[in-house]
Amino acid sequence: MAKHVVAPVSEIPPGGRKLVNAGGRAIIVFNLDGEFFALNNRCPHRGGSLCDGIVTGLVLSDEPGRYDYSRRGEIIRCPWHSWEFDIRTGQSWCDPKKVRVRQYGVSVEPGARVVQGPYVAETFSVSVENDYVVVEA
Amino acid sequence: MMGPELKAIDCDVHPSVPDIKVLLPYLDTFWRDSISERGMPSLESISYPPNAPISARPDFRGTNGAAATDVSQLSAQVLDRWQASIAICNCLYGIQLLFSEDMAAAFARALNDWIAKEWLDRDARLRASIVVPMQNVDMAVDEIERCAKDRRFVQVLVLVMQETPLGRRSNWPIFAAAERHGLPLGIHAGSAYRNPVTSLGWPSWYIEDYAAQSQGFQSQVASLICEGVFAKFPALKVVLIESGVTWLPGFLWRFSKFWRGLRTEVPWVDRSPAEIVRDHIRLTIQPFDAPESTDDVERAVDHLRSDDILLFSSDFPHWQFDGDQLMPAGIPAGLHRKILVDNPLATYDRLKPT
Amino acid sequence: MNIEVRQPVRAQKAKVGLIDCDIHPKLTVEQMRPYLSNRWWDYLQTYGIRYRHGYAKGYAYPKMTPQAARRDAWPPGGGLPASDLDFVRVQHLDHYGVDHGIMNPLSPTGQGEQNPEFSTALCFAANEVQAEVWTHREPRLRSSIVVPYEDGEASRAEIRRRAASKDYAQVFLLSRTSEAIGRRRYWPIFEAAAEAGLPIGIHVFGYSGWPMTSTGYPSFYIEEMTEHATSSQAVVTSMIMEGVFERYRDLKIVLIESGFGWLPALGWRLDKHWKRLKDEVPHLKRAPSEYIREHFWVTTQPMEEAEQPEHVIDAMNWIGMDRILFASDYPHWDFDDPVLALPPSLSEHQRRMIYADNARALYKLG
């Protein structure tokens, strides 16, 4: 595992997401209210590209006819078969024990530290004035 | 072949009403006169045309062609010859097809009373399902409440093809009553003919009608699960009677697959439909729509993924097998006892010795 | 700064070939205009296409995604999913190395329109558009002859009109017709298809005007999806029991998008009860499962997913690996990716049959 600088923080505002390449892997980085999460882009079901899916909320129910809707923006649905994945944990909703999307560690580092390394900025140059999203993959 | 020590439970036998007149004593005076004055001939359903082959095996038919019209014949065949210790009577006289709610409810009452008096009273080994008038849910609940007092009624009986899918919320008081009394819901092949028997309209031949019943079961299982009936009534059990059995695995593959992506439409379905079926639904074994080779039968049984799901039945007097071949060939011997005894006992609370 | 990261797939496909038996091109009414009379163009503008589900736009069982499409299938240049041939090439045909694709247009084609004359006019236009806009520009694709199926004679005329053209690989029907499909009113369609030597593709859907189940209308879209399989079971039963295959010995039927897990059990059921009820249908000279074996093919999509994957292989063996045709259902959401669709335990030979050889033989492709 290595650390990869994937984007300046300004490119992934709260509620946003970005498909990045980290160490040859396609990874989506999400910003949920200032917290960053990184998931493998490939749906574990049949390989759909999750970044093309929609982000939605979690619907639960303990009573037929009731739709308890919460956590808007925290669930990503695969653009193909609509499987739901929890952005915070990578777990699928239909089979949380057995099916999940691989998660990656993600942190925000100030430019000064990034410039010093040991990070790799794959596709753009970094400057000490900005903060950067770093994915461990 | 069954052996008296096994105490097999036959979960599907069909007492037949020999003539509408036998119900008259069980109707109140208004209905008794009405039925005669209006010249109602019978309520036999074309789901089982009386003279058609499946409707009764030739050797079960009496001199007038009718079968299973008398308790002594049923007892002699099912209980004595085939050595079932208990048989559950599912009377298919077609009260569900009438459009008048009041008439249907009157007939349901009369039918259940006739079954109790002419069948259950005459052989202590018999049990029965409560026939309910689905035309009016409140009346159906009333009939369940009324008959549940007699503990020889062990199940609520409905047809697989009705006016609306069973899972619909308007039907829920029936499930509440069934669950309250520990009565499984027995869904039996046959139609109330409110809708054509396929989504392509009405077919031409009887064999198509009969074959279509397995699709009806697929629709009802989907409805019960998608509408959340088992979420709402967690103690409810459902028995699919005379369904054919082998349609179930292929149906569950598709249903479970779609649930994984479409869960948000029915979020109260909190686990795979396949799991819900294994927890709540049972199937009687006759007819068993079997592949040719016994190896394939074993595979097909394997596909069900449950040793608990099959319930023994003869489907007497329907013609599903010849001679005494009650247990379909190829069903693993290791499962026989479960099918004959354990699974029925686990399903029907009222059969357990008190 | 989005990076397109895709697995290289062409190398994998080159070995076995790839024929996709279910692609849904989106035709537009503007494209159909030149092929409609003023009368029917005006009628279309005024009344629209009226399906028996009742909505002017959308569906009474709303889909889970817009246009029931994959969310990534919207062409960047605009238009509905699968309306842009260039994008279909990029995203699907070139991407997966599709050698041949059978197109099954769903709407607007006029199929299921309540008015028979209007339906006939629309089908004619839809068949023209498929050829002009799609197959003439893209040799890998074949069209399907859409017919106003509730009018047997009009359907026969349309099939005869198209039969000689190399553009059309099959005749196309939907699974929910207003009578059981084997009944006599539809026999002109079978006759014309047989005469032309064309298979008939029967794709799930259609709004017959009857409830979606034999026990009334269900509540949910997920139930509509499970009911596709039951409608296909009724299709198979009806065609066999009406003696269609005794009359048309060479007729070939492709069941599209019904799945296939249900087919073996249906064959067993029909055989068992036919043995008992044989005298009712003396026009059947053979067991129902023999007719299934001789006359029906199934497409793979939506690929069955069982808790124990080997059970799906059992079903495929019961049906016969030579009867199974790969389909993607592009651009719909329940699409099957060719790379991952088939169970991994199939042999190279079986993969070749399912991905290409079976379809090549059935549709007489090069």
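Colleague: What makes 41% of the 137 residues of chain A count as buried?

Modeller: A neighbour count. A residue is buried if 20 or more other C-beta atoms, placed from the backbone, lie within 10 Å of its own; it is exposed at 12 or fewer, and partly exposed in between. In chain A, 41% of the 137 residues count as buried. This is a predicted model: local features need pLDDT of at least 70, side-chain atom pairs count only at pLDDT 80 or more, and totals for chains, interfaces and linings use all residues. Residues are numbered from 1 along each chain as its sequence is written, while chains are lettered from A and ligands numbered from 1 in the order in which they are written.

Colleague: How many helices and strands does chain A have?

Modeller: One helix and ten strands. Both are DSSP runs, numbered from the N terminus: helices are H or I with at least four residues, strands are E with at least two. Along the sequence the pattern reads β-β-β-β-β-β-β-β-α-β-β. The C-alpha trace of chain A spans about 55 × 25 × 20 Å along its principal axes.

Colleague: What is the strand order of the open sheet in chain A?

Modeller: The order is 2-3-4-8-10-1-9, seven strands with mixed pairing. Two strands pair if DSSP finds at least two bridges between them.

Colleague: Why are strand 2 and strand 9 of chain A called edge strands?

Modeller: Strand 2 (17-22) and strand 9 (120-121) each pair on one side only.

Colleague: How do you know that strand 1 and strand 10 of chain A pair?

Modeller: Pairing needs at least two bridges. Strand 1 (residues 3-8) and strand 10 (residues 131-136) of chain A have five, in the antiparallel sense. Ala7(A), for instance, has Val133(A) in strand 10 as its bridge partner.

Colleague: How many residues of chain A are in contact with chain B?

Modeller: Eleven, against twelve residues of chain B. Contact means that the C-beta atoms, placed from the backbone, lie within 7 Å.

Colleague: What makes chain C as compact as a globular protein of its length?

Modeller: The globule rule is 2.2 Å times the number of residues to the power 0.38, and the radius of gyration is taken over C-alpha atoms. For 366 residues the rule gives 21 Å; chain C has 20 Å, close to that, so chain C is as compact as a globular protein of that length. Chain C has 14 helices and eight strands. Of its 366 residues, 55% count as buried.

Terms used: Contact = placed C-beta atoms within 7 Å.
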